[in-house]
Amino acid sequence: MSAPHSSASQRTAVRIEQSGKRVRAYLGGHLVVDSTSPSLVWENPYYPSYYLPVTDVRAELVEDGPGQHSPSRGDATLFTVKVDGRQAPGAAQRYTESPIEELRDLVRLDWDAMDAWFEEDEEVFVHPRSPYTRVDILPSSRHVRVEVDGVTVAESSSPRLLFETGLPVRYYLPKTHVRMDLLEHTDTITRCPYKGDAEYWSVRANGKVHEDIAWSYPSPLDESRKVLGLVCFYSEKVDIYVDGVQQERPKTKFS
């Protein structure tokens with residue numbers, strides 16, 4: 001794990017680090033970029049973006065015009081990405097005159113505009129995985145009880161506790177310990193680069209429907225397989241008791 005990259009990035013409040021991973025992106029099944037020297041750039045404090053050497057781009061970049069101005073990175077120029085008849089307008093941006101010298105020869109590809117991203121030979125989703133985010137899943141014998149609107153919807157003495165950097169502890173419970181008769185499956189799906197695709201349930205309690213407050217990972221990524229098929233509830237939206245003690249509802253972006 002490398003240290004913060006430069007004094008320039010520190011002065012302008014942008015963190016830049018070199019990654020040792022091989023990174024590839026595809027559009028329409030065609031290779032857009034293949035790089036063994038990507039940079040991780042923290043444009044926000046939560047997760048990084050990949051900035052890749054323009055010399056590693058295999059697609060054609062056609063200039064569209066000016067993009068947004070960043071107080072730290074400078075003025076962006078937008079490009080359409082073209083490869084084998086497929087194109088993604090405005091999907092690439094460069095900061096060729098950035099006050100941060102390290103960025104001038106790099107290109108940032110819009111993550112969602114590409115069809116697939118790979119770190120080495122493993123496909124990754126949502127955004128690049130931060131080297132500073134860790135997920136620990138531990139079996140526990142603590143007694144966990146979940147209430148929704150005063151109704152006990154789950155209770156277990158064999159939960160698995162998931163600790164993820166920057167988030168409150170999550171309590172994953174076996175389905176046999178959950179009142180599945182009170183849960184209503186929804187069409188909601190979310191994706192996590194560390195855990196995979198989650199499916200959701202609403203909970204009906206006291207005649208009221210609490211939408212999308214429980215989820216499960218039916219096919220989690222390898223690093224999170226310990227929560228396979230278990231059910232978790234938003235501790236921001238339900239009442240959770242651990243060993244008889246009610247937990248304070250955390251304040252997060254999910255509140």
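1. Quick definition before we start: a residue is buried when its relative accessible area is under 20%, exposed when over 50%, and partly exposed in between (1.4 Å probe, protein chains only). Strands here (E, at least two residues) are DSSP runs, numbered from the N terminus.

2. Keep in mind that this is a predicted model, where local features need pLDDT of at least 70, side-chain atom pairs count only at pLDDT 80 or more, and totals for chains, interfaces and linings use all residues. Residues are numbered from 1 along each chain as its sequence is written, and side-chain values use heavy atoms, with hydrogens and water left out.

3. Have a look at strand E9 (residues 106–109), which is covered on both faces. Leu106 and Arg108 are buried on one side, and Val107 and Leu109 are buried on the other.

4. E9 pairs with strand E5 (residues 49–53) in the antiparallel sense, over 3 bridges; two strands count as paired if DSSP finds at least two bridges between them. Strand E8 (residues 86–94) also pairs with E9 in the antiparallel sense, over 3 bridges. Val107 is the bridge partner of Leu52, and Arg94 stands opposite Val107 too.

5. Elsewhere, 7 strands make an open antiparallel sheet, in the order E12-E15-E16-E20-E19-E18-E17. Its edge strands, E12 (135–139) and E17 (183–192), each pair on one side only.

6. Now find Leu162 in strand E15 (residues 160–164). Why does Leu162 count as buried? Because its relative accessibility is 1%. Its bridge partner in E16 is Arg170. Leu162 and Asp136 lie 26 residues apart in sequence, with 5.7 Å between their C-alpha atoms.

Technical notes
Helix = DSSP H or I, 4+ residues; strand = E, 2+ residues; numbered from the N terminus.
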